[in-house]
Amino acid sequence: MSNVTLTINGRQVTVPAGTTVLEAAEKIGAFIPTFCYEKDLTAPGACRICVVEIEGWRNLPASCVTAVADGMVVHTESPAVVEARKTILELLVANHPLDCMTCEKSGNCKLQDYAYRYGITGTAFAGEKHAYRPDDSNPYIYRDLNKCILCGKCVATCNAVQERSVINFAYRGFNTKIATFLDTDLKDSECVYCNRCVAVCPVGAIVDKTMMGKGRTWELEKKQVTCTFCAAGCAFDVNYKNGKVVGVTAANAAAGRPLCLKGRLGVNLLYNPDCPEKPLIKKDGEFTEVSWEEALGIAPILEKINALTK
Ligand code: SF4
Ligand code: SF4
Ligand code: SF4
Ligand code: FES
């Protein structure tokens, strides 16, 4: 594949032909915000927050869907770019609850981060706001579509990764929303609560209900492990707060296997007071505490090894 050399913010970068401006900028560490783009998943070029200025171009193209060209001169944060991003953010924030103080996503929210970076307070445009009833119908996912910015990543991941297509865009114009078939609550849909959509949502519109109220995002530590509940061996992140497990999240938000409920909720067994501390085996109709060797069936093998090595 041939290479292309372009200039981004005064720095020359050489990348394979077909690379997007966004990917080329990432290569040299130039910041470009994104909402609807997710590596290996989706780049619909819909949200426009990733616009850049390219010398000689009349418009500000979306960098996530614009391929590099030889000799291209790109500015990722020129005054025109910043102005465009501010307008997009002001429009989003004008129809947003702005309850960052109690929002589970606070600290890990792209809208919050970009609003901070570009100094957006939500006072520029006054108008109608959505007033959707939050979907609290199931034990696993809390959906508050008043916070949705319609990036479409949940739709893409449910379709491409989970292959269920439980959710999609519905209605038109201001009323456009992400909905299940017939716009039911999640509990009445085909959702299997894999939480892939939760993992890719850039804001707090869909959150893991099992982790709500258990810690702010910046208080949590993540450790990647492999699930041992079945032979598939899914990778996921165990989330800790002060050394205590508070939940499980997907290790790779956009790719890989979806996590089943067994893998994500198995951590509940850790602190279940009803869990026996020692293994139990039924003997003469009664559960009796035994050693781990006996429970795992290795006691006879150990006896044989001991006999052979005497
Ligand atoms: S989704 Fe983000 S911007 Fe909206 S309330 Fe939550 S943290 Fe704040
Ligand atoms: S939890 Fe999984 S199945 Fe349910 S809507 Fe989200 S991605 Fe689709
Ligand atoms: S729910 Fe989240 S991921 Fe889905 S469209 Fe809205 S903001 Fe994007
Ligand atoms: S991130 Fe490029 S258009 Fe949305």
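The domain assignment of the protein, with bounds from an automatic or database assignment, divides the predicted model into domain 1 (3-77), domain 2 (92-271) and domain 3 (280-309). Residues are numbered from 1 along each chain as its sequence is written, and chains are lettered from A and ligands numbered from 1 in the order in which they are written. Local features need pLDDT of at least 70, side-chain atom pairs count only at pLDDT 80 or more, and totals for chains, interfaces and linings use all residues, while side-chain values use heavy atoms, with hydrogens and water left out.

The C-alpha centres of domain 1 and domain 2 are 27 Å apart, and their contact (heavy atoms within 4.5 Å) draws on 12 residues from domain 1 and 16 residues from domain 2. Between them, the two domains bury about 1200 Å² (accessible area, 1.4 Å probe, lost on being put together and summed over both parts), with 66% of it on carbon and sulfur atoms. On the side of domain 1, Phe 35, Glu 38 and Leu 41 lose the most area to domain 2, together 52% of what that side buries.

Two salt bridges (a side-chain nitrogen of Lys or Arg within 4 Å of a carboxyl oxygen of Asp or Glu) are found across the interface of domain 1 and domain 2. Glu 38 also forms a salt bridge with Lys 153 through their side chains, at 2.8 Å from N to O.

Ligand 1 is surrounded by His 96, Asp 99, Cys 100, Cys 103, Ser 106, Cys 109, Lys 147, Val 203 and Gly 204, each with a heavy atom within 4 Å of the ligand.
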